[in-house]
Amino acid sequence: VWEAISDSRQFGAWFGAEFDAPFTPGATLTARIRPTTVDPEVARLQEPHAGHPFEVVVTAVDPPHRLAFRWHPHGPGGPDYADDPMTLVEFRLEADGDATRITITESGFDRIALARRARAFEANDGGWTHQLRLVGLYLAGAR
């Protein structure tokens, strides 16, 4: 599970992106939407956005329990809000019997200008639940 989260190539396969470098603390990575390899229906939804760039700034890689990065929550291909504050996305892994529990938290919406905050939050509403399903499919062998 840790490799699927912390390896930028594996992360990109299920998430639907291609990163230009590994996840390394302090690194700024450029990514481009590339349809997920694990769910053809989601891949079709991502296809119109293929090639759209976005940026992540890796803030922590703490094996085997935590990956964190900052990004702009408006999503790739959206308006250019490069000067807006980034939100913090954290993946936390913990043993749960023979399984691994993945918790994803995105914080920092309160720092986004009020005029944009609701739209930014709405753009991500439910998205992480969806991504948890995709990583589950990836780990189950749907690659």
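User: Which residue in β5 is the bridge partner of Arg70?

Analyst: Leu88 is the bridge partner of Arg70 in β5. Strands are DSSP runs of E, at least two residues, and helices are runs of H or I, at least four, numbered from the N terminus. This is a predicted model, where local features need pLDDT of at least 70 and side-chain atom pairs count only at pLDDT 80 or more, while totals for chains, interfaces and linings use all residues. Residues are numbered from 1 along each chain as its sequence is written, and side-chain values use heavy atoms, with hydrogens and water left out.

User: How many bridges join β4 to β5, and in what sense do they pair?

Analyst: Strands pair if DSSP finds at least two bridges between them. Here β4 and β5 (residues 87–96) have six, in the antiparallel sense. Val56 has Trp71 of β4 as its bridge partner.

User: How many residues lie between β3 and β4 in their hairpin?

Analyst: Three residues separate β3 and β4 in the hairpin. Pro64 is found in that loop between β3 and β4. Look at its backbone. Most peptide bonds are trans. The bond from Pro63 to Pro64 is cis, with omega near -10 degrees.

User: What is the strand order of the whole sheet?

Analyst: The order is β1-β2-β3-β4-β5-β6, an open sheet of six strands with antiparallel pairing. β1 and β6 (99–107) each have a single partner strand, so one side of each is left without a neighbour in the sheet. On average, neighbouring strands are turned by 30 degrees against each other, direction ignored. Such angles come from lines fitted to C-alpha atoms, for helices over the stretch in contact, and run from 0 to 180 degrees between N-to-C directions.

User: Which strands does α2 lie across?

Analyst: α2 lies across β1, β3, β4 and β5. It runs at about 165 degrees to β1. Helix α5 (residues 127–139) lies across β4, β5 and β6, at about 150 degrees to β6.

User: How many residues of α2 are buried?

Analyst: Six of the eight residues of α2 (residues 8–15) are buried. Buried means under 20% relative accessible area, exposed over 50%, partly exposed in between (1.4 Å probe, protein chains only). The six are Ser8, Phe11, Gly12, Ala13, Trp14 and Phe15. β4 (residues 66–71) is mostly covered too, with five of six residues buried.

User: How many aromatic pairs does the structure hold?

Analyst: There are 17. Rings of Phe, Tyr and Trp (its six-membered ring) pair if their centres lie within 6.5 Å; planes under 30 degrees apart are stacked, over 60 edge-to-face, the rest tilted. Phe11 and Phe23 form an edge-to-face pair, 5.4 Å centre to centre, with 90 degrees between the planes. Phe11 sits in α2 and Phe23 in the loop between β1 (17–19) and β2 (28–33), twelve residues apart. Phe11 is buried at 1% relative accessible area, and Phe23 is buried at 6%. Another pair is Phe54 with Trp71: centres are 6.0 Å apart and planes at 70 degrees, so this pair is edge-to-face. Phe54 in β3 and Trp71 in β4 are 17 residues apart. Phe54 is buried at 11%, and Trp71 at 10%.

User: Which members of the largest nonpolar core touch the most other members?

Analyst: A nonpolar core is a set of buried Ala, Val, Leu, Ile, Met, Phe, Trp, Tyr and Cys residues joined through side-chain atoms within 4.5 Å. The largest has 31 residues, and Phe11, Trp14, Phe19, Phe54, Leu67 and Phe91 touch the most other members. Now take contacts, meaning heavy atoms within 4.5 Å. Not counting residues up to four places away in sequence, Phe11 touches Ala4, Ile5, Gly16, Phe19, Phe23, Leu67, Phe69 and Phe91.

User: Is Gln46 buried or exposed?

Analyst: Gln46 is buried, at 13% relative accessible area. Gln46 lies in α3 (residues 40–46). Leaving aside neighbours within four places in sequence, its contacts are Phe15, Gly16, Ile33, Arg34, Pro35 and Thr36.
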